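Have a look at the model first, then read on.

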Amino acid sequence: MKFKSNIYWVFLSVVVIWSTTPLAIQWSTLGSSFSFSVTSRMLIGLILCALILLFKQQKLSVHKQALANYSYAGAGIFITMSLVYFSALSIPSGLISVVFGLTPIITGIFALILLRDKFFSLEKILGLLLGLSGLFMIFSHSIVFNINLLTGLISVTLAMAFQAFISVKLKQINAPVSALETTTGALIVSVPLFIISWISLGAEIPNTSFKASLSIGYLAFFGSVIGFMSYYYLIKNASVRVVGIVPLITPVFALILGTSLNHEQLTNIQISGISLVLLGLAIYEYGEKFLKKIPLIKRH
């Protein structure tokens with residue numbers, strides 16, 4: 001019973017953090033450069049992880065499997081977060097969450113390629129087509145509406161696809177390390193890359209606003225430490241369907257937060273595209289389970 005309770009609270013923490021992260025990312029860049037914001041966030045996150053390891057008197061595993069795990073996870077954090085922070089300069093926070101809602105579908109494609117997992121069922125193909133149709137609708141509108149918006153959408157889509165690829169690679173490596181070790185090792189790999197990137201872009205130390213500073217602190221502790229650890233824990237201990245609920249409901253909350261707290265406005269075409277993305281994701285995750293409950297439909 002205690003284990004199920006842990007899963008419940010970890011699940012809620014992931015939903016809350018993923019729902020608030022896109023908006024916090026946008027706020028963290030107010031009066032600051034995106035490279036400084038993401039670098040300072042990850043550096044603080046690494047310091048916090050190191051302190052937690054020290055407090056727990058836990059050593060970081062350094063065997064071959066663990067090092068491969070840290071390398072891929074670190075590359076995933078660096079590339080994904082760099083693209084997400086760049087995209088946050090030009091697109092609404094709610095759209096970032098919607099695009100990342102497609103992660104389970106794209107993960108399924110990579111799992112088919114790398115892990116030979118079953119993918120081509122009717123429900124999954126239908127969900128994939130609907131999700132991609134919604135994304136295409138948002139993209140096609142952006143081409144006419146705003147070229148900067150299009151650039152941001154391309155960036156966040158690449159970030160989402162790369163994160164999906166990395167998650168499958170980590171599953172393939174299957175290193176026997178804890179969520180804390182994975183998070184710490186990934187930050188050890190990614191933080192120097194963030195610092196090099198920040199230096200190459202001018203090494204600016206801006207006068208950040210109070211709001212931006214609070215957002216960076218929130219992202220460092222909750223996004224980089226609690227969020228990463230909770231997600232890794234959920235992947236290892238919860239069912240695939242439970243994990244799949246997260247990207248299905250977080251875009252809804254992220255959109256609500258973006259419109260209510262950041263005065264973000266969406267066009268009717270964008271709303272239609274978002275609806276298709278969420279419908280496609282729902283069918284992809286739960287279409288087969290729903291059809292099994294219909295007496296007239298027999299699955300063989």
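Contact here means heavy atoms within 4.5 Å. Helices are DSSP runs of H or I with at least four residues (strands are E runs of at least two), numbered from the N terminus. Keep in mind that this is a predicted model, where local features need pLDDT of at least 70, side-chain atom pairs count only at pLDDT 80 or more, and totals for chains, interfaces and linings use all residues. Residues are numbered from 1 along each chain as its sequence is written, and side-chain values use heavy atoms, with hydrogens and water left out.

Let's start with α4. Leu95, Ile96, Val99 and Phe100 of α4 meet a set of α7 residues, among them Leu149, Leu153, Val156 and Met160. Eight of the eight residues of α4 are buried, so α4 is largely enclosed by the rest of the structure. (Buried is under 20% relative accessible area, exposed over 50%, and partly exposed in between, with a 1.4 Å probe and protein chains only.)

Next, two helix pairs. Axes are lines fitted to C-alpha atoms, for helices over the stretch in contact, with angles from 0 to 180 degrees between N-to-C directions. A crossing is left-handed if the near helix is turned anticlockwise from the far one by less than a right angle, and right-handed if clockwise.

| Pair | Angle | Axes | Handedness |
|---|---|---|---|
| α4 and α7 | about 35° | 9 Å apart | right-handed |
| α2 and α8 | roughly 150° | within 9 Å | left-handed |

The α2 side of the second contact includes Phe36, Leu43 and Lys56, and the α8 side includes Leu187, Phe194 and Trp198. By class, this contact has 15 nonpolar, five polar and one charged residues.

Leu43 sits in α2 (residues 34-56) and, at 37% relative accessibility, counts as partly exposed. The C-alpha atoms of Leu43 and Ala220 are separated by 8.0 Å, though the two are 177 residues apart along the chain.

As for α8 (residues 179-200), its 22 residues should span 32 Å at 1.5 Å a residue, and the end C-alpha atoms are 31 Å apart, which agrees. The expected span is 1.5 Å times one less than the number of residues. Still, α8 bends by about 30° at Ser190, with Pro192 following within four residues. That bend is the angle between axes fitted to the seven residues ending there and the seven starting there. Just after α8, Gly202 takes a positive phi of about 115°.

How values were computed: Nonpolar A, V, L, I, M, F, W, Y, C, P; charged D, E, K, R; others polar.
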